[in-house]
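The tour goes stop by stop: select, look, move on.

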Amino acid sequence: MKNFRKLAIVVVIVALMVMMLPAAFAFADEGTVVIFHTNDIHGRAEGAAPVDKDGNPVESGAIGYARYKTIIEEEKALGHKVLVLDAGDTVHGTNFATLSNGESIIELMNMVGIDAMTCGNHEFNYGPERLKELEGMANFPIMGANITKEDKSSFFEANHKIFEVEDLDIAVIGVTTPETKVKADPRYTEGLSFGAGPTEDDLDAIVQGVQAKIDAVEDDVDCVVLLVHLGVDKESAIRSDLMIPKLKDVDLVIDGHSHTTFDEGTVIKDADGSDVLLVQTGSYFENIGKVTLTFEDDELKSKEAALIKFADVRDKEGDAEVQKKIDDFNKANDEVLKKVIGQTATELDGEREHVRAGETNLGNLITESILKASGADVVLTNGGGIRASIPAGEITMGDAMTVLPFGNLVTVIKVSGQDIIDALAFGSKSYPEPAGGFPHVAGMTFKIVTDAEGKFSKIDEVTVGGQPIDPTKEYTLATNDFLASGGDGYEMFGGKEQVTLLGLMLDIFVDEIKTLSKDGAFTVEVDGRLTIGPETADEPEPTPTTAPKPTTKPEPVTEPTTEDVSLPTTTVDEETPEKGSYTIYILIGIGAVLLVIAIVAFVVHRRQK
C-alpha cells in the first residue's frame with residue numbers, strides 16, 4: 001500500500017511538471033524585437049489635428065514626431081526591445097524643415113530616439129556640405145553604403161551598424177538610390193558614385209556591392225536588415241523588388257522612395273529561395289511601420305509587419321517636450337516669415353476665381369521663374385497650386401509661403417508635343433468654370449477656342465519658343481511633382497522619363513522675386529500667352545486637340561497620391577506559428593491524462609481496500 005501511494009504521488013508530480021512545461025515556454029524570453037520604421041516624411045514634423053474645423057474626426061494626416069515619441073515609449077514600457085529606423089527623404093520638403101536647412105528635423109529625430117537613417121535623394125537638396133553638417137548633428141548614423149567619393153572612400157562616416165539588443169545582434173545596412181543623380185540637383189552629387197556602374201543604372205553592379213556589405217557582417221549577427229531608399233516604381237532600373245531576388249542572407253528590407261504603402265509588407269524570395277519581408281509606409285508621416293521579429297535560441301523564427309495609421313493614433317497625446325520643441329521652432333520661423341524679400345509695384349493676382357480660369361500676372365511670375373531655373377523648353381503648372389494674391393508693396397517670406405504652401409518640388413520630364421497639347425486641353429476643359437487643374441504656362445502660348453455659349457471647345461494655336469508645336473517632337477517640360485505624377489488628372493505626364501528633380505517650387509519663386517527687386521519695385525503683366533475666344537473663319541486647320549476623357553482626380557492641389565504596385569501583401573513566418581502551439585497542447589494533454597490515471601488508480605485502490 002505504501003508503495004502504491006508513493007507511485008501515485010510520483011505520477012501526480014510528473015503530470016504537474018509536464019503540464020507546467022507550457023508555462024515555462026510561455027515565460028521564456030523568445031527574443032522579440034519591435035522595429036518602428038518611417039520613410040519619405042518630407043519634413044512633416046508637426047502632427048495633424050485629430051478633428052476638422054467642424055469637429056469631425058480626421059481620417060488621414062501627419063502623425064508627427066510628438067505622437068511618434070509617445071508611441072515608441074509606450075512600446076518600451078511593455079518591456080519590448082525596440083529599434084527605430086528611418087528610410088530617408090526626411091529633412092526636406094516643408095517650410096518647417098527648409099527654414100533651418102534641415103536642422104529642425106534632425107533635432108526632433110534625436111529627441112524621438114531614431115537609431116539609424118538611410119540617406120534619401122532629397123537629403124542632398126541642401127548640398128553635400130550641408131548634408132555632412134546634418135550628419136554631424138545627428139545622434140544616429142545617416143547611411144548610404146553604396147555612396148563613394150572619387151577616391152573610393154565612403155561619403156558617410158558609417159554605412160552600417162550592429163545593434164546589440166540584449167543577447168541578439170542585428171545588423172542594419174543603408175543603401176541609397178542611384179536615381180539621386182537625377183532626382184536631386186545634379187550639381188550636388190558631382191564626383192560621387194552610387195555604385196551602379198558608369199550610368200548608375202546597373203542593377204548587378206549595385207547588388208555586388210550590397211552583397212559584399214552583407215557578407216562582411218552576416219556571420220557575426222542574428223539578423224540582417226537592409227534600410228534602403230530604392231522604392232518599387234516600375235520605371236526605376238534599380239528597385240527593391242528587383243534587388244532582393246539577387247541577394248542572399250537578408251532577413252528584412254525596409255524601403256522608401258516610391259511612396260508605396262504595404263499594409264502588412266510583401267514577401268519576396270531571395271537568391272537562395274528564402275523569404276525576405278519587404279516593408280514601406282507610404283509617405284508624409286501618414287503611417288508608421290511596425291515589424292515584430294521573434295527569435296528562439298538566437299535564431300529568427302518569424303517576422304510580422306503592420307501599419308499604424310493616423311486614424312489609429314489621432315487622439316493620442318503627443319510627448320510634451322517634443323511638442324514644445326516644435327512650437328519653439330515655429331516661433332523662430334515666424335521671424336523668418338516677416339522678412340522682406342522684395343517689392344512689387346502692382347498687385348500680383350492669385351485670386352482663386354482668376355488663377356483657376358485664366359492667365360494672371362502672378363501665374364506668369366511663377367512659371368517664368370521655373371523656366372529660368374530649369375532650362376526646360378516649356379513650363380506648365382496648375383492654378384489650384386496658387387493660393388493667394390500679393391498686394392502692391394513689400395513682399396515678405398510669409399507672403400511667398402502663403403502663395404505656394406504645399407512644399408511641391410519642381411521636376412523636368414520628357415514629353416511629346418501631343419502630350420503638351422493634351423495637357424492644355426485637359427486643364428482647360430472646364431472653362432469658363434474655375435478648375436484647380438487650369439494650366440499656367442511659360443515658354444509657350446495657346447488659345448482656348450470657345451463655342452457659341454462661351455464654353456471650352458478645343459485648344460489651338462499652340463506655339464513653343466515662338467514656333468508652332470510639333471506633336472511628334474520631344475520637348476522638356478518643367479512642372480511640379482504633383483502634376484508629374486499624374487495628379488489633378490494630368491495622366492499624360494505620369495510615368496514620363498525624368499530629366500532632373502530640382503528644389504522647392506517656393507525657393508525658385510523667392511529667388512526670382514529677390515532678383516527682380518534688386519533695382520526696386522518690379523512689375524509683372526499679363527502678356528497674352530493665353531488667348532480665349534471663338535474660332536475665326538481664316539484660321540488654318542486646327543491641331544486635333546479635343547479634351548482627353550475627364551478623370552475622377554480631385555480638383556484641389558495635394559501631394560502625390562500613393563503609388564500602386566502589383567506586389568502581393570502578406571506576412572512571413574520562418575516556421576508556422578501554430579507549430580509551437582501544437583507542442584503546448586500535446587504537453588497539456590499528456591499531463592492531464594497522467595493526472596487522471598493517477599486519480600482513477602487511487603480511487604480504485606481505495607475501494608478495493
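This is a predicted model: local features need pLDDT of at least 70, side-chain atom pairs count only at pLDDT 80 or more; totals for chains, interfaces and linings use all residues.

Residues are numbered from 1 along each chain as its sequence is written, and side-chain values use heavy atoms, with hydrogens and water left out.

Asp297 lies in the loop between β11 (287-296) and β12 (299-309). Helices (H or I, at least four residues) and strands (E, at least two) are DSSP runs, numbered from the N terminus. Check the backbone: Asp297 has a positive phi of about 50 degrees, although it is not a glycine. Most residues other than glycine have a negative phi, and most peptide bonds are trans.

Now select Asp298, in the loop between β11 and β12. Its phi is also positive, near 65 degrees. Asp298 is partly exposed, with a relative accessible area of 36%.

## Second stop: a cis peptide bond

Go to Tyr431 and Pro432. The peptide bond from Tyr431 to Pro432 is cis, with omega near 10 degrees. Pro432 lies in the loop between α13 and β17 (439-442).

Then show Phe426 and Lys429. Lys429 lies over the face of the Phe426 ring, 3.8 Å from the ring centre (a charge sits over a ring if NZ of Lys or CZ of Arg is within 6 Å of the ring centre and within 35 degrees of the ring normal).

Select β18, β19, β20 and β23. These 4 strands form an open sheet in the order β20-β19-β18-β23, with mixed pairing (two strands pair if DSSP finds at least two bridges between them). β20 (467-468) and β23 (530-534) stand at the edges with a single partner strand each, so one side of each has no neighbour in the sheet.

β19 (residues 456-464) pairs with β20 in the antiparallel sense over 2 bridges. Val464 stands opposite Gln467 in β20.

Select Phe124 and Phe155. Their ring centres are 5.6 Å apart and their planes at 35 degrees, so the pair is tilted. The two are 31 residues apart and link distant parts of the chain. Both Phe124 and Phe155 are buried.

Ring pairs link Phe124, Phe155, Phe156 and Phe194 into a cluster. The charged end of Lys132 sits over the ring of Phe155, 5.4 Å from its centre.

## Last stop: the nonpolar cores

Select Phe36, Tyr65, Tyr68 and Phe124. These have the most contacts inside the largest nonpolar core, which has 46 residues (a nonpolar core is a set of buried Ala, Val, Leu, Ile, Met, Phe, Trp, Tyr and Cys residues joined through side-chain atoms within 4.5 Å). Another core, of 31 residues, lies apart from it and includes Val355, Leu365, Val379 and Val410.

Conventions
Rings of Phe, Tyr and Trp (its six-membered ring) pair if their centres lie within 6.5 Å; planes under 30 degrees apart count as stacked, over 60 as edge-to-face and the rest as tilted. Buried means under 20% relative accessible area, exposed over 50%, partly exposed in between (1.4 Å probe, protein chains only).
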